[in-house]
Amino acid sequence: MSTTLLDLKLDRAFGHLDVNANGHIEHDDVVALVARLVAGFRETPASPKAKALADGFEEFWQSLLIAVDADGDRKLTPEEWNLGMVRAFIDADSGFDRHFRPAVEAVLRLADADEDGRLGFEEFQTMQKAFGTRPKEAREAFDHLDADGDGALTVEELITAARRYYTGQGGAAGDWLFGKIG
């Protein structure tokens with residue numbers, strides 16, 4: 001059982017990507033998550049935002065296979081995920097920006113339905129729902145991330161929070177990206 005804060009966050013992220021909950025992350029899970037996000041924001045699969053999202057996740061998936069799939073079976077176990085994420089995206093210089101950020105940006109651009117560079121709570125909640133975050137946790141996450149209390153989160157604030165969440169830098173908002181951990 002994972003015990004460090006980073007392990008707990010990575011375990012939750014594994015659950016987000018294991019869409020079919022079979023204990024492995026596979027390409028079909030990534031495709032299903034993209035479809036869930038696209039449907040949640042009522043985009044067509046052929047829209048520019050949906051295509052950017054699919055491309056970002058495909059690039060991320062290929063990076064994951066190279067960095068994380070220790071046995072080459074194209075299925076990521078929780079152990080491969082946690083060890084590989086630390087090695088490839090946390091310990092490696094700029095691993096997040098090179099491999100993870102394009103997918104994060106694509107999700108946030110899709111979630112910014114009105115294209116104002118900010119996510120209101122409804123946009124944020126729709127995004128969180130696609131990742132399997134419960135409504136109460138989405139509300140808690142939003143409230144912690146909205147440090148200035150203006151009722152919106154900028155795309156850049158969310159990218160920073162995602163970087164902190166996935167790289168273990170944590171602290172304040174970064175640990176709350178998907179609600180309370182632990």
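# Rings, helices and loops in a predicted model

Guide: Start with R139, whose charged end sits over the ring of F121, 3.9 Å from the ring's centre. This is a predicted model.

Visitor: What makes the charged end of R139 count as sitting over the ring of F121?

Guide: Part of the rule is that CZ of Arg must be within 6 Å of the ring centre. For R139 and F121 the distance is 3.9 Å. The rule also asks for a position within 35 degrees of the ring normal, and R139 is listed as sitting over the ring. K9 is listed in the same way, with its charged end over the ring of Y165, 5.4 Å from the centre.

Visitor: How many aromatic pairs does the rule for rings give?

Guide: The count comes to 5 aromatic pairs.

Visitor: Why is the pair of F121 and F142 called edge-to-face?

Guide: Rings pair if their centres lie within 6.5 Å, and planes over 60 degrees apart count as edge-to-face. The centres of F121 and F142 are 5.4 Å apart and their planes stand at 75°, so the pair is edge-to-face.

Visitor: Which parts does the pair of F121 and F142 tie together?

Guide: F121 belongs to helix α6 (residues 121-130) and F142 to helix α7 (residues 135-145), so the pair ties together parts that are 21 residues apart in sequence. F121 and F142 are both buried. With F124 they form one aromatic cluster.

Visitor: Which residues of α6 and α7 meet?

Guide: From α6 there are F121, F124, Q125 and Q128, and from α7 there are P135, A138, R139, A141, F142 and L145.

Visitor: How do you know that α2 is roughly antiparallel to α6?

Guide: Helix α2 (residues 27-40) packs against α6 at an angle of about 155°, with the axes 9 Å apart. The cut-off for roughly antiparallel is over 145 degrees, so α2 is roughly antiparallel to α6. L33, R36, L37 and G40 of α2 make the contact with T126, M127, K129 and A130 of α6. The crossing of α2 past α6 is right-handed.

Visitor: What makes α3 and α5 roughly antiparallel?

Guide: Helix α3 (residues 48-68) and helix α5 (residues 95-111) pack at about 155°, with their axes 8 Å apart. The angle is over 145 degrees, and α3 and α5 are therefore roughly antiparallel. Among the residues making the contact are A52, G56 and F60 of α3, and H99, A103 and V107 of α5. The crossing of α3 past α5 is left-handed.

Visitor: Why is F131 called buried?

Guide: Buried means under 20% relative accessible area. F131 has 10%, so F131 is buried. F131 is found in the loop between α6 and α7.

Visitor: Which residues does F131 touch, not counting residues up to four places away in sequence?

Guide: F131 touches H16, L33, R36, L37, V107 and F178. The C-alpha atoms of F131 and R12 are separated by 9.9 Å, with the two residues 119 apart along the chain.

Visitor: Why does T44 count as partly exposed?

Guide: Exposed means over 50% and buried under 20%, with partly exposed in between. T44 is at 49% relative accessibility, so T44 counts as partly exposed. T44 is found in the loop between α2 and α3, and touches V38 and A50, not counting residues up to four places away in sequence.

Visitor: What is the phi of A21?

Guide: A21 has a positive phi of about 55° although it is not a glycine. Most residues other than glycine have a negative phi. A21 lies in the loop between α1 (5-17) and α2. At 64% relative accessible area, A21 is over the 50% cut-off, so A21 is exposed.

Visitor: Where is E115, and how do you know that E115 is exposed?

Guide: E115 is in the loop between α5 and β1 (118-120). Its relative accessible area is 60%, which is over 50%, so E115 is exposed. The phi of E115 is positive, near 55°, in a residue other than glycine.

How values were computed
Residues numbered from 1 in each chain as written. Predicted model: local features only at pLDDT ≥ 70, side-chain atom pairs only at ≥ 80, totals over all residues. Heavy atoms only, no water. Phe/Tyr/Trp six-rings, centres within 6.5 Å; stacked < 30°, edge-to-face > 60°. Helix = DSSP H or I, 4+ residues; strand = E, 2+ residues; numbered from the N terminus. Buried < 20%, exposed > 50% of the residue type's maximum accessible area, 1.4 Å probe, protein only. Axes fitted to C-alpha atoms, helices over the stretch in contact; angles between N-to-C directions. Parallel < 35°, antiparallel > 145°, perpendicular 65-115°, else oblique. Left-handed = near helix turned anticlockwise from the far one by under 90°. Contact = heavy atoms within 4.5 Å.
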